[in-house]
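Here's a quick briefing to read with the model open beside you.

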Amino acid sequence: MPTFKHEGHRLAYTSFGSGPRTCVLIHGLLLSQKMHRPLAKDLAARGNRVVTLDLLGNGRSDRPRDMSRYSMTAFGEQVVGLLDHLEIDEAVIAGTSLGANAALEVLSAAPERVRGTVIEMPVLDNALMGCAIAFTPLMVALTFGEPVMRGIGAVARAIPTKRGPFWADVVLDAIRQDPAPSAAVLHGLFFGRVAPHRSERRTFTARTLVIGHRRDPVHPFSDSGMLVDEMPKARLLEADSIIELRMSPERLTGEIAAFLDECWKPQRKGGRSKRPRNVA
C-alpha cells in the first residue's frame, strides 16, 4: 500500500482507476479506508480516479498515542496533504460521518482545491448529545480497560481476514488495532471542534451532495437538512438507512456517480472553460 509523509507521520492511501477526474473518499471514526473499497471500485469503473485514505490513527497509517495529533482540522489538512503529494489541483472530497466532517474541514482550509463535496451523515450541532452517549463509554473502555481491549483485539486478530462477510472484516479491523492510539483519537476529537462553525459553512460555495437518513441519534437527519440550508450549492439525498450504501448500494452509488459527472462539467470563468488537470 503506498504511503506519504505528512507532518512527520506516514499516511497510507490506495488509488483506483485513472484520469483527470479525482475523488477522495474519507472513512468514518476508527474505521479504515477499506470501508470505501466497494464504492471506490464502482466509481472508478465509471471513469473516475478514486483515492481512499487512512487518516492518522486509522488503518495502516501511523498511530501515535499523543491526543494532540488528532483533530478535525488536522484530518482536513491531511487530505490537502494527499492532494499535494499526488499533485492534484482539484478533487471531489467525499466522506462518511467523521469523513464528512473532514471534508468540511478541507473546504475550510483549501476551498480552491475542492471541485465538490459528498457529505454522508455529517455530525453537527444536533448530534452532540447522541455522540456523547455513544462514544463516551467507548473512550472510557479504551482508556481504562486497555488490558481487556488488548485481549479482545488479540482474539479479533486470530480471525482470518477475507473469510467472512466484507463488513464484518471492516469492523474486525478496527477491533484488531492497539486500543491506546484509538483512545487518543477519541480524546483529541472530544476536546476539539466538531466542524467549521455554521457562519463559516454558509460561505462554502462548492457543489455539495448531502446524504442523510432518519432514526440515527449520532447522525441526525436534522443535521443533514441544516447543512443543506446553510450551503448555497448543496442538495439533500435521503438514504433509506445507514446500511443502504453498504448493503444495497446501487441507487446511492448511481446518485453519487451522477453528482461527480455534474462536478466535472467544464466551468466557465471569464469566457473560458476550466477543465480538470490531467493527472495519471
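**Val170 and its contacts**

Leaving aside residues up to four places away in sequence, Val170 touches Leu31, Lys34 and Met35, where contact means heavy atoms within 4.5 Å. This is a predicted model, so local features need pLDDT of at least 70 and side-chain atom pairs count only at pLDDT 80 or more, while totals for chains, interfaces and linings use all residues. Residues are numbered from 1 along each chain as its sequence is written, and side-chain values use heavy atoms, with hydrogens and water left out.

- You'll find Val170 in helix H6; helices (H or I, at least four residues) and strands (E, at least two) are DSSP runs, numbered from the N terminus.
- Val170 counts as buried, at 1% relative accessibility. The cut-offs here: buried is under 20% relative accessible area, exposed is over 50%, and partly exposed is in between (1.4 Å probe, protein chains only).
- Val170 and Leu31 sit 139 residues apart in sequence, yet their C-alpha atoms are 7.2 Å apart in space.

**The sheet**

- Eight strands make an open sheet with mixed pairing, in the order S1-S2-S4-S3-S5-S6-S7-S8. Two strands pair if DSSP finds at least two bridges between them.
- The edges are strand S1 (3-6) and strand S8 (234-238), each of which pairs on one side only.
- From one strand to the next, the twist averages 25°.
- Helix H9 (residues 221-230) lies across S6, strand S7 (207-212) and S8, and runs at about 155° to S8. For that angle, axes are lines fitted to C-alpha atoms, for helices over the stretch in contact, and angles run from 0 to 180 degrees between N-to-C directions.

- Strand S3 (residues 22-26) is largely enclosed by the rest of the structure, because five of its five residues are buried.
- In a regular strand, side chains alternate between the two faces of the sheet. In S3, Thr22, Val24 and Ile26 point one way and Cys23 and Leu25 the other, and all are buried.
- On one pairing, five bridges join S3 to strand S4 (residues 49-53), and the two run parallel. Leu25 stands opposite Thr52 in S4.
- On another, four bridges join S3 to strand S5 (residues 91-96), again running parallel. Cys23 stands opposite Val92 in S5, and Ile26 has Gly95 as its bridge partner there.
- S3, helix H1 (residues 37-45) and S4 build a right-handed β-α-β unit. Right-handed means that, with the strands pointing away from the viewer, the path from the first strand over the helix to the second runs clockwise.

**Pocket and cavities**

- The ground rules: on a 1 Å grid over the protein atoms alone, a cavity is a set of points where a 1.4 Å probe fits but cannot get out, and a pocket is an open set with protein on both sides within 12 Å along at least five of seven lines; lining residues have an atom within 4 Å of a point. Grid points are joined across faces, edges and corners, and a volume is the space filled by probe spheres set on the points.
- The largest pocket holds about 680 Å³ of space. It is lined by 30 residues, and Leu29, Leu30, Leu31, Val171 and Ala174 are the closest to its centre.
- Helix H4 (128-144), helix H5 (146-157), helix H6 (166-176), helix H7 (179-190) and helix H10 (244-247) are the elements that give two or more residues to this pocket's lining. H6 gives the largest share, four residues.
- Residues lining the largest cavity include Leu25, His36, Leu39, Gly95 and Ile256. S5 supplies the largest share of this lining, three residues.

**Loop residues**

- Most residues other than glycine have a negative phi. Glu87 has a positive one, near 55°; it lies in the loop between helix H2 (72-86) and S5 and counts as exposed at 53% relative accessibility.
- Met121 also has a positive phi, about 60°. Met121 is in the loop between S6 and H4, and is buried at a relative accessible area of 5%.
- Arg113 sits in the loop between helix H3 (98-109) and strand S6 (114-120), and is buried, with a relative accessible area of 14%.
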